[in-house]
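Have a look at it first, then read on.

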Amino acid sequence: MRVKCVICDKIESIDDHLPSTKKLRNRPIHTYMCEECHERISEKTEQRISTGQFFVYRSGKQKEWLQ
Ligand SMILES: [Zn+2]
């Protein structure tokens, strides 16, 4: 089964027999995220949870912490 990552648009081929593929089949194809993006996002989420801090970048300014 061929899937496209929603974040980086990478097309990947995934094993049809994996339980995660079966789950994916029940949902629209555009919900797929490749391993790389998935890891990056879960890392960020974990960092946010552990620090409890969020920051944003605004054009021409230094990053601002939102607490
Ligand atoms: Zn991706």
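Let's start with Cys 34, which counts as partly exposed because it has 19 C-beta neighbours inside 10 Å. The scale here is simple: a residue is buried if 20 or more other C-beta atoms lie within 10 Å of its own, exposed if 12 or fewer, and partly exposed in between, with C-beta atoms placed from the backbone. Cys 34 sits in the loop between helix H1 (19-25) and H2. Leaving aside residues up to four places away in sequence, Cys 34 touches Cys 5, Cys 8, Lys 10 and Glu 12; contact means that the two C-beta atoms, placed from the backbone, lie within 7 Å.

Before going further, a word on what you're looking at. This is a predicted model, where local features need pLDDT of at least 70 and side-chain atom pairs count only at pLDDT 80 or more, while totals for chains, interfaces and linings use all residues. Residues are numbered from 1 along each chain as its sequence is written. As for pLDDT, that's the predictor's confidence in each residue, from 0 to 100. The protein averages 76, and 70% of the residues score at least 70. Confidence is highest in S2, at 90, and lowest in strand S4 (residues 64-66), at a mean of 56. Where pLDDT is low, the predicted coordinates should not be read in detail.

The overall pattern along the sequence is β-β-α-α-β-β, with two helices and four strands. These are DSSP runs numbered from the N terminus: helices are H or I with at least four residues, strands E with at least two. Of the 67 residues, 1% count as buried.

Ile 7 is partly exposed, with 14 other C-beta atoms within 10 Å, and touches Met 33 and Cys 37, not counting residues up to four places away in sequence.

Two C-alpha pairs side by side:

| Pair | Apart along the chain | C-alpha separation |
|---|---|---|
| Cys 34 and Ile 14 | 20 residues | 9.9 Å |
| Ile 7 and Cys 37 | 30 residues | 6.9 Å |

Asp 9 is found in the loop between strand S1 (2-4) and strand S2 (11-13). Its phi is positive, about 65°, although Asp 9 is not a glycine. Most residues other than glycine have a negative phi. Asp 9 is exposed, with 8 other C-beta atoms within 10 Å.
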